[in-house]
Amino acid sequence: MKQIYSARDLLEAQLLKDFILDHQIDVLIKGDLLLGAIGELPADTTPSVWVLDDDEYDRAKELVLVFKGRDKTSQVELTVWKCLECDELIESQFSECWKCGKTRPVKNE
Ligand SMILES: [Zn+2]
């Protein structure tokens, strides 16, 4: 068993685990005890992701890079857009204005 990634939090570890499991590689998360014991563990306990089969290590590491690349992309896109109808600022993951329901305007580039 080899460690392939040290996550910044449990959510990221979980996302990566699901992503790699989708590629038929068995992984597990270590250090996810925070689930049942919030406040009882030191704050620097960060979860890590491990691949069970050493032979899958290289492939799993590649998937980590893909995962991180995807992560970066989604952060770049995390900007706000302005509703033309009511001037409300909407986070980019929403395609409609939460206030008036107007669809996000097409970007002029
Ligand atoms: Zn609106």
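A residue is called buried here if 20 or more other C-beta atoms lie within 10 Å of its own, exposed if 12 or fewer do, and partly exposed in between, with the C-beta atoms placed from the backbone. The structure before us is a predicted model, in which local features need pLDDT of at least 70 and side-chain atom pairs count only at pLDDT 80 or more, whereas totals for chains, interfaces and linings use all residues. Residues are numbered from 1 along each chain as its sequence is written.

Read from the N terminus, the order of elements is β-α-β-β-α-β-β. Of the 109 residues, 12% count as buried.

I turn now to helix H1. Helix H1 covers residues 10-21, twelve residues, and spans 16 Å from its first C-alpha to its last, close to the expected 16 Å; that expectation is 1.5 Å times one less than the number of residues. Which residues of H1 are buried? They are Ala 13, Leu 16, Lys 17 and Ile 20. Seen down the axis of H1, these buried residues fall within an arc of 105°, so they line one face of the helix; the arc is taken over the directions from the helix axis to the C-beta atoms. In general, an α-helix has 3.6 residues a turn, so residues three or four places apart point the same way. On the face of H1 turned away from the buried side we find the exposed residues Leu 11 and Asp 18.

Next, the sheet. Three strands form an open, antiparallel sheet in the order S1-S3-S2, where two strands pair if DSSP finds at least two bridges between them. Strands S1 (2-6) and S2 (27-30) are at the edges with a single partner strand each, so one side of each has no neighbour in the sheet. Neighbouring strands are turned by 30° against each other on average, direction ignored. S1 and S3 (residues 48-51) run antiparallel and are joined by four bridges; Gln 3 has Trp 50 as its bridge partner in S3. H1 packs on this sheet, touching S1, S2 and S3, and its direction makes about 170° with that of S2. For such angles, axes are lines fitted to C-alpha atoms, for helices over the stretch in contact, and values run from 0 to 180 degrees between N-to-C directions.

What makes up the largest nonpolar core? It has ten residues: Ile 4, Tyr 5, Ala 13, Leu 16, Ile 20, Val 27, Val 49, Val 51, Ala 60 and Leu 63. A nonpolar core is a set of buried Ala, Val, Leu, Ile, Met, Phe, Trp, Tyr and Cys residues joined through C-beta atoms within 7 Å. S1, H1, S3 and helix H2 (57-76) each give two or more residues to this core, and H1 gives the largest share, three residues. Ile 4, leaving aside neighbours within four places in sequence, is in contact (C-beta atoms, placed from the backbone, within 7 Å) with residues including Val 49, Val 51 and Ala 60.

Finally, two loop residues. Gln 24, in the loop between H1 and S2, has a positive phi near 60° without being a glycine. Gln 24 counts as exposed because it has 8 C-beta neighbours inside 10 Å. Asp 87, in the loop between S4 (80-82) and S5 (89-91), likewise is not a glycine and has a positive phi of about 65°. Asp 87 is exposed, with 10 other C-beta atoms within 10 Å.

Methods:
Contact = placed C-beta atoms within 7 Å.
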